[in-house]
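Please look over the following structure.

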Amino acid sequence: MSRLGPCLRSRLLLPEPRGPYRGLVGCSAASHAGMEELLSRSVPPLPPYETKEKAPPPAELRSAEFMRYYRGLAAGPPRAELLALLARDFGVDHGKVAELSAKVLQAREQQRELGALLQAEDRLRYYLNPRYRGLFQQLGRLEGGLRFLVELRGDLVEGLASKAVDGPHVKEMSGVLKNMLSEWFSTGFLNLERVTWQSPCEVLQKISDSEAVHPVRNWVDMKRRVGSYRRCYFFSHCAIPGEPLIVLHVALTSDISSSIQAIVKEIQPSETEDEGKITTAIFYSISLTQQGLQGVELGTYLIKRVVKELQKELPQIKTFSTLSPIPGFTKWLVGLLSSQTKELEKNELFTESERQELSQITGDCTTETLKKLLNNNEWVRSEELVSALHLPLMRLCAWYLYGEKHRGYALNPVANFHLQNGSVLWRINWMADTSPRGIAAACGMMVNYRYFLEDTACNSAAYLGTKAIKASEQVLSLVSQFQQNSKL
């Protein structure tokens, strides 16, 4: 948010190079051979199984050297090359694993005593640890090491997404580091902190910069989001104090909100909270601030902690719900229209009467016309089009959230997250986000996921176990309308 003044944002992802490696800006400066030599010094060997309990103490100087070297490399190809070498050459000894796997099978076939089988399995388990795991463990013990590992994992995530680094070895290393971070960032090490207008400027800046759902426009907007009838919380880690890891914004209302404009855009005069008006907590934005913690379970715990905090502060709150975006809906719908056109030479997502009404407004109702409408935010300026598209898009959205699946679970990532937490797919709201981003992502629609605290555990177990989605009558009615009127 540039208009908030000088950028105070943490350089966690790409920190300033330090030490003797400052200024290394490309692969030519940091040669392949030099990287291999560094890794040979820095990555500790896996001690033999028999002496694993007597392994020498970690070489802090060598792991610190790796950290300085990595931070001295320019972002992009140099770091990607080092990470690829680390993943490829310092992973699991596959020959040893194959040998020990055969011994475990042999122990089972020969029906040896249980102690011998368990020892064979333990030996195999030990050699399944990649060598680079030892480096990560040593780095985690250094001052500033945990922050560095989050940075390194962020580079891995970004590199895999952009194909700058790729391959099974790199993906495996990213997964190993994610699992290690999941242990280090478990709830016992996390601190819940509330943000107010009196919080340090640096914290307010980081909160505004990290807002990924509804961007903060200026200081006035930021002040409103931490002021009356609003709450903002974040998790920090005891080893990285004051650094927001994941942020949750809450609106305190008298009912379940159906429009984000009422929460983040309408400017009301400053007033003291009247607790008598507060019966509902709306979670309207949750943002992970560190890319390196992607896949680490933080959001679920943050929501649970905030619910407990609000119950202590405002025990009269009985309703907990989200007002959530629906990323990917428009893209899914446009793709569906395209595939139907190729196969059927027409779309069957709209009824005949709906196609006729749209044709009267637009001049024709071909699939190409519909795709152009959906790819252009201008349609929301026409009251006729907003009215004509209301019912068909609502039922299509209901099916997208309820019926479209990936490996049996909700295709939409936000839906999958809240359903895993045990929420109910409660209500789809028309024209709930009329910002350009909201129109482009989901034709202006948003959804409420409602948390009935006494049912969340049961709902979560049902969703994870049988993939059953708990939904309200409104959503189920729209799904039924889709099944009757639209054909996939």
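## Basis of the model

This is a predicted model, in which local features need pLDDT of at least 70, side-chain atom pairs count only at pLDDT 80 or more, and totals for chains, interfaces and linings use all residues. Residues are numbered from 1 along each chain as its sequence is written, and side-chain values use heavy atoms, with hydrogens and water left out.

## The chain as a whole

The chain has 20 helices and nine strands; helices (H or I, at least four residues) and strands (E, at least two) are DSSP runs, numbered from the N terminus. Its C-alpha trace spans about 75 × 60 × 50 Å along the principal axes.

Of the 488 residues in the chain, 48% are buried. Buried means under 20% relative accessible area, exposed means over 50%, and partly exposed lies in between (1.4 Å probe, protein chains only). A contact is defined by heavy atoms within 4.5 Å. Among contacts with a separation of 6 or more, 78% join residues 24 or more positions apart.

## Helix packing

The axes of helix H6 (residues 131-141) and H7 come within 6 Å and cross at roughly 135°. That makes H6 oblique to H7. On the H6 side the contact is made by Phe-136, Leu-139 and Gly-140, and on the H7 side by Gly-145, Leu-146, Phe-148, Leu-149 and Leu-152. Axes are lines fitted to C-alpha atoms, for helices over the stretch in contact, and angles run from 0 to 180 degrees between N-to-C directions. Angles under 35 degrees count as roughly parallel, over 145 as roughly antiparallel, 65 to 115 as roughly perpendicular and the rest as oblique.

Helix H16 (residues 383-402) and helix H20 (residues 473-485) have axes that come within 8 Å and cross at roughly 105°. H16 is therefore roughly perpendicular to H20. The residues of H16 that meet H20 include Leu-391, Met-394, Trp-399 and Tyr-402, and their counterparts in H20 include Val-475, Leu-478, Val-479 and Phe-482.

## A covered helix and a buried strand residue

Helix H9 (residues 201-210) is mostly covered, with eight of its ten residues buried. Among the buried ones are Val-203, Leu-204, Ile-207 and also Lys-206 and Asp-209. The cover over the buried residues of H9 includes helix H10 (219-225) and the strands S2 (230-237), S3 (246-253) and S4 (280-288).

Leu-252 is found in strand S3 and is buried, at a relative accessible area of 3%. Its C-alpha atom is 7.4 Å from that of Thr-279, 27 residues apart in sequence. Beyond its neighbours within four places in sequence, the contacts of Leu-252 include Tyr-229, Glu-273, Ile-278, Leu-310, Leu-314 and Ile-317.

## Arg-153

Arg-153 lies in helix H7 (residues 145-162). Arg-153 is buried yet has no salt bridge, and the nearest side chain of opposite charge, Asp-155, is 11 Å away. For charge, Lys and Arg count as positive and Asp and Glu as negative, while His and the chain ends are not counted.

The side chain of Arg-153 instead reaches the backbone oxygen of Gln-294 at 2.8 Å. Not counting residues up to four places away in sequence, Arg-153 touches Ser-174, Leu-177, Lys-178, Leu-181, Gly-292, Leu-293 and Gln-294.

## Salt bridges

Side chains of opposite charge can pair when their charged atoms come close. A salt bridge is a side-chain nitrogen of Lys or Arg within 4 Å of a carboxyl oxygen of Asp or Glu, and the whole structure holds 22 of them. One joins Glu-151 to Arg-71, with the closest N and O atoms 3.1 Å apart. This pair links distant parts of the chain, since Glu-151 is in helix H7 and Arg-71 in helix H2 (residues 60-72), 80 residues apart. Both Glu-151 and Arg-71 are buried.

Lys-312 and Glu-309 form a salt bridge at 3.9 Å, N to O. The two lie in helix H12 (residues 299-313), three residues apart, about one turn of the helix. Lys-312 is exposed, at 65% relative accessible area, whereas Glu-309 is partly exposed at 31%.

Terms used
A polar contact is a pair of N or O atoms within 3.5 Å; within protein, one must be able to donate a hydrogen and the other to accept it, and residues adjacent in sequence count only if both atoms are side-chain atoms.
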